Amino acid sequence: MSNQDETPEYRLRKELPDEVPVTPSADGVAEQPAEPALTGRQRLVQGLWPPRVSRAQLIVALLLFGLGFGLAVQVASNSDSGNALRGARQEDLVRILDELDDRSQRLEDEKQGLEKQQQELENSSDQAEEARKQTVEKEKQLGILAGTVAAQGPGITMTIEDTKGTVEADMLLDAIQELRAAGAEAIQVNGVRVVAGTFLEDSGNSVSVDGNKINTPFRFKVIGNPQDLEPALNIPGGVVQTLEKEQATVTVERSDKIVVDALRAAKQPDYARSSGQ
């Protein structure tokens, strides 16, 4: 090795790269050397940094951060509760268990009480509905007896022809009494409803019922058991024979449906009052 090779200037020159001559272009301007090609890692770094974040990506990131924070808080809370129970004394655990049992028993008692009240209300409702039905039915029955409502049912029709004018009020009253004794439930004579306070009286050559004058033929519409009503009129010495002795003609017909539609206005008693008042 020569001394020239050992000099510092020669070593520095040897370490530097060779000079690249500049080639002039056609217009006289020197061309710049081409930039070296980038590696794959260098291109990845240039794509990631500096970061380019859009507005949508920023919103999604914030939402994900909030969701993660909420989950972390919830997990921490549950962990704290579990840790508290795990770290509690046996006496505290027994007390907590007793309180839960007492609360469960109170809730069960409250449930049973509510179910009992519901059952009582249902029974009360059923009883009230049944009482209402019975009251309505009783009202209809009393209305039939009082003559304030129409009635229909099996019974008889009795027609009395009095061509001689010999039938008097007491004879018709005897017929009404005999029918009542035989079980008549509703009676109508020539369009006049017969009730408990009905009275008959002679009115010249005719008869009046509760002040209403009626003429022959006298037609009785009677609701009741026909098998009891007709024999009661035809007994020896009874209504039919008495009327026939007065030269009247009596006809009795059974029917499965008798309509008594003559009505009486409901009258408020002047003195009588319910004992419950």
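I take contact to mean heavy atoms within 4.5 Å. The model I am reading is predicted.

**Ile 187.** I looked up the contacts of Ile 187, leaving aside its neighbours within four places in sequence.

**Cores.** I then turned to the largest nonpolar core, which has 32 residues. Ile 187 is among the members that touch the most others, along with Ile 160, Leu 172, Leu 179 and Phe 220. Helix α6, residues 169-181, gives this core its largest share, 6 residues. Apart from this core I noted another, of 5 residues, including Ala 186, Ile 223, Ile 258 and Val 260.

**Thr 157.** Not counting residues up to four places away in sequence, I list Arg 219, Phe 220, Thr 251, Val 252, Glu 253 and Ile 258 as touching Thr 157.

**Strands β4 and β5.** Last, I checked how β4 (residues 200-203) pairs with β5 (residues 206-209): the sense is antiparallel, over 4 bridges. Glu 201 has Ser 208 in β5 as its bridge partner. The two strands make a hairpin with 2 residues between them. In the turn, I noted a positive phi of about 70° for Gly 204.

Terms used:
Residues numbered from 1 in each chain as written. Predicted model: local features only at pLDDT ≥ 70, side-chain atom pairs only at ≥ 80, totals over all residues. Heavy atoms only, no water. Core = buried A, V, L, I, M, F, W, Y, C linked by side-chain atoms within 4.5 Å. Buried < 20%, exposed > 50% of the residue type's maximum accessible area, 1.4 Å probe, protein only. Pairing = 2+ DSSP bridges.
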